[in-house]
Amino acid sequence: MIFSILKKDLKRKKTMNIILLLFVVLATMFVASSVNNIVTVINGTDYYFDQAGIGDYIFITMGENAIGAADKVLENETAVKEYRLENVAFGSQDNFTLENGEKVILKNATILQSLADAKLNFFDDNNEVVKEVAPGKAYISRKTMEDNNLKVGDVIHFKQGDVELALEVAGGVKDALLGSTFMGNARFLLSEEDYAILTADEMISKYYSGQIGYIDTDDTASVQEAVSEIPGIALNGDRALIRMCYVMDMVIAGVLIVLSICLIIVAFVVLKFTITFTLSEEFREIGVMKAIGIKNRKIRGIYLIKYFAIASISAVIGFFCSIPFGNMLMKSISKNMVLGNNNGILLNIISSILVVGIIVLYAYRCTGKLKKYSPLDAIRSGQTGERYKKKSKLRIGKSKLRTTSFMAWNDVLSSPKRYLTIILAFMICSLLVFMIVNTTETMKSDKLVYTFGKECDAYYVNNTKAMSAMRGEGKESIEACLDEFTTQLAEHGMEVKASVDVQIKYPAVFDGKNHMLTCTQGVRTKTTDYKYYEGDAPRNAQEIAITQRISDITGAKIGDTISITISGKTDDYLVVGYFETMNNIGELVRLHEDVNIDMKDAGSMMAFGFDFVDQPANSVIKERVEEMKDIFDTEEVFTASEYSADCIGVVDTMESVGYLLLGITIIVVVLVTILMERSFISDEKGEIAILKAIGFKDASIVTWHMKRFVIVSIAAILLAIALSVPMTHLCITPIFKMMGMRQVSYVIQPVKVFLLYPGVILGVMLISSLLTALYTKKIKSSDTASIE
Amino acid sequence: MGNIIEVKDLCKSYVVDKRQNNILKNVNFSVEEGEMVAIMGPSGSGKSTLLYSVSGMDHATSGEVKFLGKDITKMAAGELSSLRLDEMGFIFQQMYMLKNMTICENIILPACQSDKNTEKREDILKRGQELMRKLGIIDIADNDINEVSGGQLQRACICRSLINNPQIIFADEPTGALNRSSSEEVMKELQRINQEGTTIMMVTHDAKVAARCQRVLYIVDGNIKGDINLSKMTDESQMRDRERTVNNWLMELGW
């Protein structure tokens, strides 16, 4: 008999049961994919580094006598458990051309090495380790493939001095050390034979060679001190620093975590409503069963079996949907990394079972209340229950609203709990979209450009020029390079002041501890050209400014003195100010322009900056930047905002994530609207029929129902807008802080945040609610006779 | 007085499981303005279907239903809605009201919705309160619908049916869910309303309720088998005789 009741119930309440089924599918899909993704992202970089075998400390040396120098230091260092060195050669953009003669777009210094000698694991698109490469072929960094639209089989020509190589692209690889957005160096993995051809060249072997070292240690501080003795260090840092380089990739991963949590919240909030709602609809049947003598235990059993059955079927469907859905979410962040966890599918299964468990538990709790009711109470609850509990909040006699508007407002205010579910679901999704839009717009603006050096009108990224200038006569070569640009632009009627910042690593001592600090100095700039958030700009050669991270690492504060050894000469430098930078993950010391440094030792150089003497308007600057692209025959000339976006590197991905979020928001809005409206119609069948009987037109009923959704959507969007700025500060600023920023003043695009995106969300909701509300047309006025 | 309703060859059928069920079979009758007509008949005879077809709540399969000379079977859904809103009032056995509104608000809702009604909201409210006062339920004006008895709720439904000053009230078992005393109160109110000039057409199972009407139609298997004119009831003392007359008449018809 129990199963007969159950069968009839499933058939008779088909609509509500289908709605519940769909919500559970949705919840399972969100929960299973989100839990898996959260675990994957949290494991994120460490999982990747372990798979790649990156070790605990990394360094790169370059220049004369670089090869062999590291061995001497590391062999005698007790803190080093094990170390692996690979020999590499360095190239720059000018060395590489495509088949059509165009230059290959390479952002920073490029590394060429033998795959056979590689000490790091490199992964292909399927996350398989790349083990061998045939002569004449090369694996190259994935990002380089993307930047140049390269396909397997394309040929890249390398030429340096007398050495020429034609390299067929064998595939793209994920590079744990250099593949992050912040590093962005290209790596070419060659055959032993091709690499031997390179190193046979004396100039390459002498001036453009170096080593990359991967050290296993438990004592990074001692290793750091030891590494500071290795000559020609271009880059060094522990695992945390390399992890930090993935911070922008992790921003997106962070967004994914927040999104996942939001989806879980949305799923459970909606689920709770649906179960409470469907159970309240069952009261009458329960009362009748009690009245005819069926025991509480059995009644409860019927509903638990029902919810268990619905939840199980939905969970199985949801589980299968969660795998492609989760992969779609992960796709945006797994381009540059090998992400995963060892229990992927298991986590999806556990999450799906968890959803079933929660639903059954919740149903168990809800049906538990039935013990307290007498059969009559239950029957009465069925007849009057939810329907007759509410209190009118507005007064139609005093209201100027149209009847349908009044009814909509009154419903929302009288049943806030019911509509809060929708508001919460819409608000969470909208808020996420707005936060990402705010962040992306800020990244795309020129507001952050000061954190990458001096604020200029235009920037020109040319690593070849930078490298050759650095390896030439130092500062003189760099100034000659700046003069060349200035003359070239003057010939085209653009009078500019050119400048550039260089970065050099120097050994330093503070409070008895040795450090290797990255220092920056501008060529043709003054320390007063930069921004300082505390203290002053260095006024003489004995003063320096530092970043918060340098202060955290060394312990030095304003007023302290740090000993820095520059070109073999150790001097004391007084810290006089703090500044913000996102260069070198915020680890930077600014030297006064009078400090005499040998720029031949420079590890890297920023973009060349240009200030137009006639101080033109932004629109003119844009035109000139386009002209400069023609003059320099490159696309690598930027306005301040473009340069900022280029430096941050993930703006495109962030934009894609923003669209993905908008897409998910739309899906949530559509599903929640359809399912909620459908359950409202089911609940209000009697009211709709009576309204039609007394003369309300179909259009009025549809308008009434739609207006309720419009009210809650607008409330959700307004809340999301109001919270978007504080929430962006709360959630995104810490990420900028990790990159070296102290405070971020976000750029709010009112058209996007206040009109476009809310408009899209509202429009989608309107269409969904309209199409669903049209179902009320099926309820006839004569149904008043047949409604229970 | 002229006819407010004229029904000619009215047929209504449903198809269930590919079989056509003829509920109303060529029904013909008319209702004069100011009449109070009861429709009686056994369960499944087509009483409610007749009421819904005549009031435009349900579409007739064929035939004519003229309301004040206009054939409502030819009207579009929107026109019918306007007609029901402005010219007709409805009372049902289930006392459905909107859960999120007070009793008084439910009563005045049709007036607020009517485009024909140009009164201010305050005036509508006053009129609603006046109606409630007349029906003796003014004390529950601001109550929620779960705070009142069935009899009070049904009287509130009567107020709602009257708010737009309809030409006719259709009532489907208006006392079906009420106890005897509530039932009598409701019927007395309907009689009073009828005496003020509003036509009433109601479906009932109760001979006692029918006895209060001026005329009773008896329907069996979709056909009107009997039509009795009892004349207007003017005094409560006539009640016993009228009830006896109706019962005898029904027995003759096989009730």
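Two strands are taken as paired if DSSP finds at least two bridges between them, and it is in this sense that Lys8(B) stands opposite Glu64(B) in S4(B).

In chain B, strand S1 (residues 3-16) and strand S4 (residues 62-67) run antiparallel and are joined by five bridges. Strand S4(B) also pairs, again in the antiparallel sense, with strand S5 (residues 70-71) of chain B, here over two bridges, and Lys66(B) has Asp71(B) in S5(B) as its bridge partner. Between S4(B) and S5(B) there are two residues, the two strands forming a hairpin, and in the turn Leu68(B) has a positive phi of about 50 degrees.

Another helix of chain B, H8 (residues 239-252), has 14 residues and reaches 20 Å from its first C-alpha to its last, close to the 20 Å expected at 1.5 Å a residue; just after H8(B), Gly254(B) takes a positive phi of about 95 degrees.

Chain A is divided into domain 1 (83-216), domain 2 (405-447 + 649-788) and domain 3 (462-606), and the centres of domain 1 and domain 2 of chain A, taken over C-alpha atoms, are separated by 49 Å. An open sheet of 10 strands in chain A, with mixed pairing, has the order S3-S6-S7-S5-S8-S4-S2-S9-S1-S10. Because strand S3 (96-98) and strand S10 (233-238) of chain A each have a single partner strand, they stand at the edges, and one side of each is left without a neighbour in the sheet. Neighbouring strands of this sheet are turned on average by 30 degrees against each other, direction ignored. Within it, strand S2 (residues 80-91) and strand S9 (residues 209-217) of chain A pair in the antiparallel sense over nine bridges, and Asn87(A) stands opposite Gln211(A) in S9(A).

Where the two chains meet, 29 residues of chain A are in contact with 33 residues of chain B. On the side of chain A that touches chain B, helix H13 (403-414), helix H21 (685-693) and helix H22 (698-738) of chain A each supply at least two residues, and by class this side has seven nonpolar, 14 polar and eight charged residues.

Finally, the confidence of the prediction bears on how chain A is read. Chain A averages a pLDDT of 84, and 89% of its residues score at least 70. Over residues 381-390 of chain A, however, pLDDT stays under 50, although the model has 21 contacts beyond four places in sequence for this stretch. Where pLDDT is low, the predicted coordinates should not be read in detail.

Note on methods. Residues are numbered from 1 along each chain as its sequence is written. Chains are lettered from A and ligands numbered from 1 in the order in which they are written. This is a predicted model: local features need pLDDT of at least 70, side-chain atom pairs count only at pLDDT 80 or more; totals for chains, interfaces and linings use all residues. Helices (H or I, at least four residues) and strands (E, at least two) are DSSP runs, numbered from the N terminus. Axes are lines fitted to C-alpha atoms, for helices over the stretch in contact, and angles run from 0 to 180 degrees between N-to-C directions. pLDDT is the predictor's confidence in each residue, from 0 to 100. Two residues are in contact if their C-beta atoms, placed from the backbone, lie within 7 Å. Ala, Val, Leu, Ile, Met, Phe, Trp, Tyr, Cys and Pro count as nonpolar, Asp, Glu, Lys and Arg as charged, and the others, Gly among them, as polar. Domain bounds come from an automatic or database domain assignment. The expected span of a helix is 1.5 Å times one less than its number of residues.
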